[in-house]
Amino acid sequence: MNAPTGVSTPAQPLPAAAPAAAAPAVVVARLQAAFATGRTRPIAWRKAQLRALRSLLVEQEEVFAAALEADLGKSPTEAYVTEIGFTIKEIDHTLRHLARWLRPRRVAVPLALAPARARTVREPLGTVLVISPWNYPLQLALAPLVGALAAGNCVLVKPSELAPATSAALAHWLPRVLDPQAVAVVEGGVPETTAVLEQRFDHVFYTGNGAVGRIVMAAAARHLTPVTLELGGKSPAVVDPGADLAAAARRIVWGKFMNAGQTCVAPDYVLAIGDTAPALESELTAAIREMYGEDPSRSADYGRIVNERHFDRLTALLADGRLVTGGGHDRAERYLAPTVLADVDPQAPVMREEIFGPVLPIVRVPDLDAAIAFITARDKPLALYAFTASARTRRRLTAETSSGALSFGIPNAHLTVPGLPFGGVGESGQGGYHGRYSVDTFSHTKAVLAKPLALDTLRLAYPPFTPGKSRLLRRLL
C-alpha cells in the first residue's frame, strides 16, 4: 500500500507532492493546481478514491484502533463501531448511490421560453478544508473527506493535535493510499491551523466548539468562503411520566457514557418531568452498573478523558448537585467515573456550559410546558431526545422546539441513518452532511438553460404590451 490506489494519469504535468511538513501555502497551491487539471471530476476517479479509503480502513483496522486507544482509551469494539466501521458504512452507502446523486435533474421551463430545456448539474467546489476534532478523531476527519471526494474536490485534512496518535496515522496513510496530488494532511496545533486558515479555500468544514467556530468563520469571511460548522451544545433528554424508565435509563447511559461522555450529540442533561426523578435515579445507577460493572475503571469498554485540562474542568463540576452515583476519579489515569447528579440548580456551572464528559445532571420540571420552556429559553441544541409513551408529547416537542435532530426513544442513533442529515442549528452549527447531504455540501448546483437559436421565439413570446395582449401575457408568465 505504498502507491496511490486508483489514481488516474493527470491531463498535464503537476508539481511533485509536497512533503508533510511543507508550508500550508505550498500544500494548498498544489491542491489547487491538481483541481485545475480536472483530474478529480470523473466519477471513476471519485469511486477509486473511496474504494482506496475503504481498503485502508479494513487493512489497517488494528493500526487505527491502537491509535484511538492511545488517544482516548477506546476499546477495539468501540473504535470499530463508532469510528472505523461507521466510516466504512458511509463509504459503502456513498458508492452505492453516487452515480444517481450526480445525475443531472431536468427542470420544467415556462411556456414563455419554449422551446427550451433546463436542468441542474452538480459540480465540485474546488479545494476544500476539513478541520476535525479530537473526540472522534478518525470518523470526524474521514466522514467529511468521503463527501468531499465523492463530490470531486481536492481536500486538505487538518486533524486535531489533541489526538496525536490518530493524527499521525492519518498523516502517514492518507497520502499513501489516496491521490497525493489531490489529498493532503497538515498536522500541528494553533499556529499551523492559523496558517492553514489564511489560505483561500472553496469551502471550509469545521467540527468542534463554538468559540473556535467563530474564529474559523471569521477567517473564511475574508475570502467569502462558505463554511459548514458542526458544533455542539447542551442536548437535553426529556423523560416523561409513563415512560419505561428502565429502558430509558439503559439507553441514556449508553448514549451519554460512550467515549467517556466526549460525544457532541450525547445527552447533556435530563429533564425529569413530574415525579419521575427518584425512580430514574435508581434506574440510571443500575444501568451504569450493568454496562460497566461495579468498578468502571476496570471496564474494557469505558474510555478516558482526553487530557488533564479537560479532566480538571470536568471534576470541578462534581459539586454542582447531589451525587447519585459515580464521582470517582484519578487524574494520573485521566479516569472519571460515569456520574449522575441530582437536585441540580439550572443556574449551576454544570448547566451553563456543554459538559462534554461523563457527568449527567438531572433537572426536575413540573410538566411538559415547563420542559419546553426550559429548552426554548436556551440555545438550540444539536439534538433533543425524548422518552415518552405519549403521542401528544411527541407532537408538541416536534412542533414547539428547534434542534439539529429530534429522536424519540434512543439517543445518538440518528447519526447511523444514511438518509438523515447530521448538523446543528443556531449555536449548535450550520449545514449538514452524511450520505447525499455530504455531496450537497461539497458541490455547487449549477443551473443550465438551453434555447435554440434557429427561431427567434423570444420576439413571439414577448410581443409589445398592448391593453388587449397584456392579460394573455400575464397568464403565460
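Modeller: Helix 4 meets helix 5 through a set of residues on each side. Helix 4 brings Thr82, Glu83, Phe86, Thr87, Glu90, Ile91, Thr94, Leu98 and Leu102. Helix 5 answers with Gln139, Leu142, Ala143, Val146 and Ala150. Keep in mind that this is a predicted model. Helix 4 spans residues 76-102 and helix 5 spans residues 139-150. Their axes come within 10 Å and cross at roughly 10°. The cut-off for roughly parallel is under 35 degrees, so helix 4 runs roughly parallel to helix 5.

Now the nonpolar core. The largest one has 135 residues. Leu145 and Leu156 have the most contacts inside it. Beyond its neighbours within four places in sequence, Leu145 touches Leu53, Val155, Val157, Leu174, Leu178 and Val183. In soluble globular proteins, nonpolar side chains tend to be buried together.

Next, the rings. The count is seven aromatic pairs. Tyr302 and Tyr335 make an edge-to-face pair, 6.0 Å centre to centre, with 80° between the planes. This pair links distant parts of the chain, 33 residues apart. Tyr302 sits in the loop between helix 10 and helix 11, while Tyr335 belongs to strand 12. Tyr302 is buried, at 3% relative accessible area. Tyr335 is buried too, at 8%. Elsewhere, ring pairs join Phe205, Phe422, Tyr433 and Phe442 into a cluster.

One charge also goes with a ring. Arg378 lies over the face of Phe374, 3.5 Å from the ring centre.

Note on methods:
Residues are numbered from 1 along each chain as its sequence is written. This is a predicted model: local features need pLDDT of at least 70, side-chain atom pairs count only at pLDDT 80 or more; totals for chains, interfaces and linings use all residues. Side-chain values use heavy atoms; hydrogens and water are left out. A nonpolar core is a set of buried Ala, Val, Leu, Ile, Met, Phe, Trp, Tyr and Cys residues joined through side-chain atoms within 4.5 Å. Buried means under 20% relative accessible area, exposed over 50%, partly exposed in between (1.4 Å probe, protein chains only). Contact means heavy atoms within 4.5 Å. Rings of Phe, Tyr and Trp (its six-membered ring) pair if their centres lie within 6.5 Å; planes under 30 degrees apart count as stacked, over 60 as edge-to-face and the rest as tilted. Helices (H or I, at least four residues) and strands (E, at least two) are DSSP runs, numbered from the N terminus. A charge sits over a ring if NZ of Lys or CZ of Arg is within 6 Å of the ring centre and within 35 degrees of the ring normal. Axes are lines fitted to C-alpha atoms, for helices over the stretch in contact, and angles run from 0 to 180 degrees between N-to-C directions. Angles under 35 degrees count as roughly parallel, over 145 as roughly antiparallel, 65 to 115 as roughly perpendicular and the rest as oblique.
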